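Try each task before you read its solution.

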Amino acid sequence: MTRGRKLNRYMKKLIILRGLPGVGKTRRAKNLCDEYARLGLEAEMFSTDRYHESTNYTKGNFQRNHQQNREDVFKALNRGVDLIIVDNTNISLWEMWPYIHMGMRQGDYYITMMELPKGYPQNYISINKLYRCCQGNIPKKKFRSFEARWEDAYNIWHVLNDSYSINRWEQREEEWNVQ
């Protein structure tokens, strides 16, 4: 029993953060990276926002930006980074599927999803508060759209076995998805 705990404690981790904009995903990711750094372990966070910011949130670039983020995560997995955090909204199952699929194929990562706030949507944060947290940069209409699209994800197997996600991704020819 002790041996199993020890192995899990030092296993590499892939954490998929989920939550509406403004709930604290990036802050949580930075805190986790800092914890790992104090232990002398390598940690990296990946957020599509980084690419959106560089393209001034131009809607025509969103798909390419997400693809670039997936490629960066794939490269980090191949390098064996100790902690990899995907810091996106990950509202729908299909948005998480590629990251979980990559981690499973890598084989030596403990994969978990972390909702912020914990227990969302039961632990609800008002759209007005999230709007203020994002300094009004995201329209309230967009928050309503995020809420409407929210899909519960019970565990990684629920995501991996989601037929819509499988059909959406199985034919994509991105670097991470080539057999």
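**Exercise 1.** Find which elements cover the buried residues of α4 in this predicted model.

*Solution.* Start with the helix itself: α4 has 18 residues and reaches 26 Å from its first C-alpha to its last, close to the 26 Å expected at 1.5 Å a residue. Next, pick out its buried residues, which are Asn65, Asn69, Arg70, Glu71, Asp72, Val73, Phe74, Ala76 and Leu77. Then look at what lies over them: the cover includes the strands β2 (43-46), β3 (83-87) and β4 (109-115), together with the helices α3 (49-54), α5 (93-106) and α9 (163-169). Finally, step past the end of α4 to Gly80, whose phi is positive, near 80 degrees.

**Exercise 2.** Decide whether Asp72 is buried or exposed, and list what Asp72 touches.

*Solution.* First place the residue: Asp72 belongs to helix α4, residues 62-79. Its relative accessibility is 12%, so Asp72 counts as buried, the cut-off being under 20%. Now set aside residues up to four places away in sequence; Asp72 then touches Phe46, Arg50 and Tyr51.

**Exercise 3.** Work out why Cys133 and Cys134 are too far from each other for a bond.

*Solution.* Begin with the distance: the cysteine sulfur closest to that of Cys133 is in Cys134, 6.5 Å away. A disulfide needs the two sulfur atoms within 2.5 Å, so this pair is too far for a bond.

How values were computed
Residues numbered from 1 in each chain as written. Predicted model: local features only at pLDDT ≥ 70, side-chain atom pairs only at ≥ 80, totals over all residues. Heavy atoms only, no water. Helix = DSSP H or I, 4+ residues; strand = E, 2+ residues; numbered from the N terminus. Buried < 20%, exposed > 50% of the residue type's maximum accessible area, 1.4 Å probe, protein only. Contact = heavy atoms within 4.5 Å. Expected span 1.5 Å × (residues − 1).
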